[in-house]
Amino acid sequence: MRISGVTMWGVRLDLKRSYRLSGGRLLFEHLDSTIIRVDTDEGVSGWGESCPWGSSYLPAFAGGVRAGIAELAPAVVGMDPRQTDVVYRAMNLALPGHGYVKTAIDMACWDIAAQSAGLPLVDMLGGRSVEKVRLNSSISSGTAEELLAEIDRAREGGYTMHSAKIGADPESDAKKMRFLAEQMGQGEDVTFDCNRSWTTAQAIAVLNETRELTNVIEQPCETYEQILHVRRHVSQPLAIDESLVTLGDALRMAADGACEVAGVKVGRVGGLTPARRIRDVCLEAGILMNIEDTGGTRLQASAAVALASTLPEPFPRATWLCFNQVVQDPVPEGVVNENGWASAPTVPGIGAVVDEGALGEPLEVFK
Ligand code: MG
């Protein structure tokens, strides 16, 4: 089987409500996703997607995805898409780095490999260890009352795990943390995600001031080194999200004992191929995981839920479904929010059905 062509579309995904991160300094109103279809000479096609969360969340943006796919597509045409490691090495040779671009091609290759094997993606990635993964809400930065109102809205969708975006200023953050922690009911939990906004001094001060709280604190500071410094001065469990990009980062995290939770965003780490290696490092190191993606449609979410479902208990922490926050999803079939939980599709491949008519005209076709 050989890759015969790659077709690329750009899709604007409007958010139902505008969204703020990192204490409010980053604003998002729509996302720009790139969806590709990889065709083969045997008539099997696979779908892939890369949707960075806007341009300001990570060193990744939609224009970069498209320019990168134009660079990579000619390098993979003619290759056997079922040989996912071989294809990935060819992409690394053609364009070092830029994992967030490669994720789309890698995902489509996994889709083809799984369809060809007649297996759901979850089985190709190691097999289903849990029937359902818990879903994580994503609570936009705001006042304590605004955060709680968003949590109430998420509760209506069945969510019992919340990721509250804080990080405005240390004094009000401490108040918000105490306030929200008190609002959690039986079986409910909230993570405080700073999205890189505290300095090390601020993080150490706030976390020591609120040391009675045992909630997970996510990405308190900008860099890995800063978080490691904080780790040595606070007692709360820490999660590393934005600073986990490569397999090398995961190895360092594990060796340093830098965190208790890892945010494994498939697109940020470069696709399913590197994400499953990072998964294995975290399993070996005893680090819990939020396996999800950086944004996008039900396609990315279905692939991420498949990988998350391979985690044995107690490693799967929670998974966020971006498409729940968008007005119109061009991928009508795939994973669904089942009252705060999601199960990986059982049909061969990723199991997401893309409505090609909703994608409009392709941006480019590579042969
Ligand atoms: Mg995060």
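Tutor: Let's start with Gly78, which comes just after helix H1 and has a positive phi of about 100 degrees. Helices (H or I, at least four residues) and strands (E, at least two) are DSSP runs, numbered from the N terminus. This is a predicted model, where local features need pLDDT of at least 70 and side-chain atom pairs count only at pLDDT 80 or more, while totals for chains, interfaces and linings use all residues. Residues are numbered from 1 along each chain as its sequence is written, and side-chain values use heavy atoms, leaving out hydrogens and water.

Student: At which residue does H1 bend?
Tutor: H1 covers residues 62–76. A bend is the angle between axes fitted to the seven residues ending at a residue and the seven starting there. In H1 that angle is about 30 degrees, and Pro74 follows within four residues of the bend, which sits at Ala70.

Student: Which strands and helices do the buried residues of H1 pack against?
Tutor: Buried means under 20% relative accessible area, exposed over 50%, and partly exposed in between (1.4 Å probe, protein chains only). In H1 the buried residues include Val65, Ile69 and Leu72. Contact here means heavy atoms within 4.5 Å. The partners are strands E1, E2, E3 and E13, plus helices H2 and H3.

Student: Is Thr319 buried or exposed?
Tutor: Thr319 sits in the loop between helix H12 and strand E12. Leaving aside neighbours within four places in sequence, Thr319 is in contact with residues including Val133, Ile291 and Ala308. Its relative accessible area is 2%, so Thr319 is buried.

Student: What is the relative accessible area of Ser129?
Tutor: Ser129 is in the loop between helix H4 and strand E4. Not counting residues up to four places away in sequence, Ser129 touches Ser309, Thr310, Leu311 and Pro312. Ser129 is partly exposed, with a value of 41%.

Student: How far apart in space are Ser129 and Cys282?
Tutor: In sequence, Ser129 and Cys282 are 153 residues apart. Going C-alpha to C-alpha, the distance in space is 16 Å.

Student: At roughly what angle do the axes of H6 and H7 cross?
Tutor: Axes are lines fitted to C-alpha atoms, for helices over the stretch in contact, and angles run from 0 to 180 degrees between N-to-C directions. Residues meeting there include Met177 in H6 and Leu207 in H7. The axes come within 10 Å, and they cross at roughly 35 degrees.

Key: The expected span of a helix is 1.5 Å times one less than its number of residues.
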